[in-house]
Amino acid sequence: IGIEGASRLAQSFLNLRNLRKVDFGGNSLGVEGTKTLCCGMKTLENLEEINFASNRIGPESAQIWREFGQLNQTLKTINLLGNDIGDSSIAILVQGLVPSAKLEEIDFSGNS
């Protein structure tokens, strides 16, 4: 979907506040696309499940997800499979996600 598509989707989230599940798997969004979508998803008050598998987000995205996790209290499942996040970045990311009261499942498989 690229950066332009991510930006349009992020803007559309303002009108989709009851959305519970988003699937962006396999879109090669990279860090900028991730940042754009996470910013837009902050308006989704009922978001429970995110699939961000295989998006080449790398270790640079850890802080973006950490900040998102600290703001979201409804998230139950997040899939970050196959994104080359790396061990030290996963630790940073988890620090932001752990406070989420409802978080039940995190998938980090396939990360180096």
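Angles under 35 degrees count as roughly parallel, over 145 as roughly antiparallel, 65 to 115 as roughly perpendicular and the rest as oblique. The views show a predicted model, in which local features need pLDDT of at least 70 and side-chain atom pairs count only at pLDDT 80 or more, while totals for chains, interfaces and linings use all residues. Residues are numbered from 1 along each chain as its sequence is written, and side-chain values use heavy atoms, with hydrogens and water left out.

**View 1. Packing of helices α1 and α2.** Helix α1 (residues 2–12) and helix α2 (residues 30–41) have axes 8 Å apart, at an angle of about 5 degrees; the two are therefore roughly parallel to each other. Axes are lines fitted to C-alpha atoms, for helices over the stretch in contact, and angles run from 0 to 180 degrees between N-to-C directions. Helices (H or I, at least four residues) and strands (E, at least two) are DSSP runs, numbered from the N terminus. From α1, Ile 3, Ala 6, Ser 7, Leu 9 and Ala 10 are in contact (heavy atoms within 4.5 Å) with Glu 32, Gly 33, Thr 36, Leu 37 and Gly 40 of α2.

**View 2. The largest nonpolar core.** A nonpolar core is a set of buried Ala, Val, Leu, Ile, Met, Phe, Trp, Tyr and Cys residues joined through side-chain atoms within 4.5 Å. Two or more residues each come from α2, α3 (62–71) and α4 (87–97); α3 gives the most, with 4 residues.

**View 3. Surroundings of Trp 65.** Apart from neighbours within four places in sequence, Trp 65 touches Thr 34, Cys 38, Met 41, Ile 50, Phe 52, Ile 57, Ile 78, Leu 80, Leu 93 and Leu 97.

**View 4. The open sheet.** Its 4 strands lie in the order β1-β2-β3-β4, with parallel pairing. Two strands pair if DSSP finds at least two bridges between them. At the edges are β1 (21–23) and β4 (105–107), each pairing on one side only. Between β1 and β2 (residues 49–51) there are 3 bridges, and Val 22 stands opposite Ile 50 in β2.

**View 5. Ser 89 in helix α4.** Ser 89 has 7% relative accessibility and so counts as buried (under 20% relative accessible area; exposed is over 50%, partly exposed in between; 1.4 Å probe, protein chains only). Leaving aside neighbours within four places in sequence, Ser 89 is in contact with Pro 59 and Ala 62.
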